[in-house]
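Welcome, and thanks for taking a look at this one. Please have the sequence and the 3D view open as you read along.

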Amino acid sequence: MQNPLIIANWKMKLLPSQSLDLARKLKKASSKYAGAEVVVCPSFTEIAQVGEIIKDTNIKLGAQDCFWEEQGAFTGEVSPKSLLDYGVEYILVGHSERRQNLSETGDMIHKKVRLLFTLDITPVLCIGETFEERQDGLKDVVLTRQLHNALNGLWLNKGDKLVIAYEPVWVIGSGQDVDPEEIGHTHQIINQVLYDIFENSVVKDQIKVIYGGSVDPENVGAYISKASVQGALVGTASLDATQFSAIVVQAKKS
Ligand code: PEP
């Protein structure tokens with residue numbers, strides 16, 4: 001298997017001093033990350049300082065969101081071009097907390113992904129069903145719709161990369177484990193949809209599908225051991241340097 005991709009999403013959970021402290025701890029631990037691709041996504045307010053701390057390590061810088069235009073009269077928004085200047089290589093797009101709390105639509109998400117491809121930033125497109133949708137047997141329909149809304153009409157040039165993060169909304173922040181068999185199967189369905197949208201070689205060589213939802217050092221191995229799961233998006237457990245490093249180490253073993 002390729003090196004697992006492990007992305008830390010610090011959300012809006014840390015004060016500036018806590019973010020910088022965590023970044024310094026990860027820097028110290030970073031020799032353990034060889035053989036994995038590790039990305040941290042701090043708040044916008046700490047992007048520059050965290051970027052300074054982790055530069056010259058094997059940890060990459062990510063952001064939790066961006067706007068869908070490079071520049072203009074968009075008060076309060078953050079341009080991905082500015083983020084690029086700070087060394088950001090990955091940006092989360094369409095996280096369920098933004099879809100739910102900020103009414104982010106499929107169209108907005110599509111425009112963000114499209115712009116990121118033009119800037120050579122890797123979009124991490126987050127998709128996932130709610131508990132009600134799952135209960136109603138709509139999981140596959142929801143995932144298919146979210147993928148088509150975000151990606152139809154887009155193409156990846158040589159060198160472009162895309163990450164799909166499958167995150168069941170009902171598992172995020174809940175501490176629940178999900179049957180790894182089910183996760184592996186859902187990732188296969190996601191891959192089928194991707195093959196409908198893109199050429200086979202693009203899906204194989206330029207797209208990774210990772211899992212997110214209460215990933216911790218104990219359960220990560222079982223998820224990553226599924227061939228269709230190429231990494232993890234980690235929220236809560238990424239706020240603790242020891243736990244996060246343990247996740248990376250377990251993922252490499254699996
Ligand atoms: C997330 O918010 O992307 C996430 C996966 O959070 P948690 O690990 O806390 O479930």
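Helices here are DSSP runs of H or I with at least four residues, strands are runs of E with at least two, and both are numbered from the N terminus. This is a predicted model, in which local features need pLDDT of at least 70 and side-chain atom pairs count only at pLDDT 80 or more, while totals for chains, interfaces and linings use all residues. Residues are numbered from 1 along each chain as its sequence is written, and side-chain values use heavy atoms, with hydrogens and water left out.

Most residues other than glycine have a negative phi. Ser-214 is not a glycine, yet its phi is positive, at about 55°. With a relative accessible area of 17%, Ser-214 is buried; buried means under 20%, exposed over 50%, and partly exposed in between, using a 1.4 Å probe and protein chains only. Asp-56 also has a positive phi, near 70°. Asp-56 sits in the loop between helix H2 (47-54) and strand E3 (59-63), and its relative accessible area of 77% makes it exposed.

## Around the ligand

Which residues come nearest to the ligand? Of the 14 residues around the ligand, they are Lys-11, Glu-167, Gly-173, Ser-214 and Thr-236; a residue is near a molecule or strand if one of its heavy atoms lies within 4 Å of it.

## Helix H11

Helix H11 has 13 residues (241-253), and at 1.5 Å a residue it should span 18 Å; its end C-alpha atoms are 19 Å apart, which agrees. The expected span is 1.5 Å times one less than the number of residues. At the N-terminal end, Asp-240 caps H11 with a side-chain oxygen 3.1 Å from the backbone nitrogen of Thr-242.

Ala-241, Phe-244, Ser-245, Ile-247, Val-248 and Ala-251 are the buried residues of H11. They cover an arc of only 150° around the axis, so they lie on the same side of H11; the arc is that of the directions from the helix axis to the C-beta atoms. Thr-242 and Lys-253, on the other side of H11, are exposed. The cover over the buried residues includes strand E1 (5-9), helix H1 (16-29), strand E2 (37-41), helix H10 (220-224) and strand E8 (231-234), with contact meaning heavy atoms within 4.5 Å.

## Cysteines and Asn-191

How many disulfides are there? The count comes to zero, a disulfide being a pair of cysteine sulfur atoms within 2.5 Å. For Cys-126, the closest cysteine sulfur is in Cys-41, 9.0 Å away and too far for a bond. Cys-41 counts as buried at 1% relative accessibility, and Cys-126 is buried with a relative accessible area of 1%.

Finally, Asn-191 is found in helix H8 (residues 180-197). Asn-191 counts as buried at 17% relative accessibility. Leaving aside residues up to four places away in sequence, Asn-191 touches Val-203, Val-209 and Ser-228.

Terms used
Polar contact = N/O pair within 3.5 Å; in protein donor to acceptor, adjacent residues only side chain to side chain.
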